[in-house]
Amino acid sequence: MAGTILVTGGAGYVGYTVVEELAKRYPESKIAIYDNFSKGKVEGIGSLKKRWKNIDVIPWEKADIRDADNIESAIKEFKPEVVVHLAAIVDAFTTNREGKDRECEIVNYESAVSLAKISKDNGVKKFIYQSTVSLYSRGEELKENASKEPLSMYGKAKLWAEIEILKMNDPNFSVIALRPATVVGYNPAFRYETIINLACARAIYKIPINVFESAMYGNKTYLYVKDNARAIIFAIENAEKMKGESFNISSFHVNLDTVLKILKSKLKEDFPYYMTPQKSINQQVYTINSDKIKNLGFMPIGTIEGTIEETIFNLKKCRNFFGDFR
């Protein structure tokens, strides 16, 4: 395709890989990053811009999704055919505390709905909304029609936004909601919040890993970060089959006992960890079913073994670099 694809949150953890894969897939298109860099890393995006000349970065002082006027100005300037909406407060654990819930509601619900409306009003053809599986609660092989019982304001706000945004779908404005499982894997915008990423980083530096007992033997569903980007490209290219609907996206199920065993085998050494009975929103144990998108032809490539191997390889390179630097 030609034209412009605008990616909100394009400098973040998922955004980095999404922008990279979009730039490779559509070299004739402009990939415009809309990100206030509250978590995104400018050095990562800088390296992408050096490799891919079709990437453009909107100045971050004008790139907060809470500012409707700036969003509309950017959309009018770049005239994107596609908007991929990733920008969000993404950590459920940081919500459910004073002040944070309202911020999450503004960013993840009100601003997301506003962005979709502005996009529709200004001629955007396709709107890909990154939702979440945190709108579910507990269960096994949960499908898209499973009951929605989010435990955090993060999950609630994402659910409210998904409902409102999908209502905007019409013949001229294709809306697709993707519900990613917990995203894992290495890239230069690496995030430590997810347990597999955190376990890899702590194990390398011999920092004790805190493992919640409730998640030790119960499977949970994860999404390899490159599969997240691939699913977004799949949605762009199959919008006619997918518009107006929500889709779970996942790569594999695994429990933490298996994660720790694989990590030990890849590192070929022991590392400290301890179990605690404490329960956390981030440690909900459930699995999701993503057959709906697979039945349309999307096949994930991520595996738990490959994800851990790739992550520790790259984290070791970073460790060696900083060691040499010192």
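**Glycine 244**

I looked up glycine 244 first. Glycine 244 is partly exposed, at a relative accessible area of 32%. My cut-offs: buried is under 20% relative accessible area, exposed is over 50%, partly exposed is in between, with a 1.4 Å probe and protein chains only. The model is predicted, so I noted its limits: local features need pLDDT of at least 70, side-chain atom pairs count only at pLDDT 80 or more, and totals for chains, interfaces and linings use all residues. Residues are numbered from 1 along each chain as its sequence is written, and side-chain values use heavy atoms, with hydrogens and water left out.

I placed glycine 244 in the loop between helix H8 (239-242) and strand E11 (245-249). Helices (H or I, at least four residues) and strands (E, at least two) are DSSP runs, numbered from the N terminus. I then listed contacts, meaning heavy atoms within 4.5 Å. Beyond its neighbours within four places in sequence, glycine 244 touches Leu166, Asn169 and Val175. I also checked valine 107, 137 residues away along the chain: the two C-alpha atoms are separated by 22 Å.

**The seven-stranded sheet**

Next I traced the sheet that contains E11. Seven strands form an open, parallel sheet in the order E3-E2-E1-E4-E5-E7-E11. Two strands pair if DSSP finds at least two bridges between them. E3 and E11 are the edges; each has a single partner strand, so one side of each lacks a neighbour in the sheet. Neighbouring strands are turned by 20° against each other on average, direction ignored. For angles I use lines fitted to C-alpha atoms, for helices over the stretch in contact, and values run from 0 to 180 degrees between N-to-C directions.

H3 packs on this sheet and touches E1, E2 and E3; its direction makes about 170° with that of E2. H7 lies across E4, E5, strand E7 (174-180) and E11, at about 150° to E5.

I went through some of the pairings.

- Strand E1 (residues 4-8) and E2 run parallel, joined by five bridges. Threonine 4 has lysine 30 as its bridge partner in E2.
- E2 and strand E3 (residues 55-57) are parallel over three bridges. Isoleucine 31 has isoleucine 55 as its bridge partner in E3.
- Strand E4 (residues 82-85) and strand E5 (residues 126-130) run parallel, with four bridges. Valine 83 stands opposite phenylalanine 127 in E5.

Is strand E2 (residues 30-34) mostly covered or mostly open? Mostly covered: four of its five residues are buried.

I checked handedness of the connections. A crossover is right-handed if, with the strands pointing away from the viewer, the path from the first strand over the helix to the second runs clockwise. E1, helix H1 (residues 13-25) and E2 make a right-handed β-α-β unit. E2, helix H2 (residues 42-51) and E3 make a right-handed unit as well.

**The three-stranded sheet**

I found another open sheet, of three strands in the order E8-E10-E12, with mixed pairing. Its edge strands are E8 (182-184) and E12 (252-254), each pairing on one side only. The twist averages 45° from one strand to the next. Strand E10 (residues 220-224) pairs antiparallel with E12 over three bridges. Tyrosine 222 stands opposite phenylalanine 252 in E12. Helix H7 (residues 225-237) packs on this sheet and touches E8 and E10, its direction at about 70° to that of E10.

**Helix pairs**

I took H6 and H9 next. Helix H6 (residues 195-205) and helix H9 (residues 256-267) pack at about 35°, with their axes 11 Å apart. Their crossing is right-handed. A crossing is left-handed if the near helix is turned anticlockwise from the far one by less than a right angle, and right-handed if clockwise. H6 contributes Ile195, Ile196, Ala199, Cys200, Ala203 and Ile204; H9 contributes Leu256, Val259, Leu263 and Leu267. By class I get ten nonpolar, no polar and no charged residues. Ala, Val, Leu, Ile, Met, Phe, Trp, Tyr, Cys and Pro count as nonpolar, Asp, Glu, Lys and Arg as charged, and the others, Gly among them, as polar.

Why is H6 largely enclosed by the rest of the structure? Because eight of its eleven residues are buried. Asn197 and Ala201 are among them. Just after H6, lysine 206 takes a positive phi of about 60°.

Last, H3 and H4. The axes of helix H3 (residues 68-78) and helix H4 (residues 100-121) come within 10 Å and cross at roughly 35°. This crossing is right-handed. Ala68, Ile71, Glu72 and Ile75 of H3 meet Ser114, Leu115, Ile118 and Ser119 of H4. I sorted this contact into five nonpolar, two polar and one charged.
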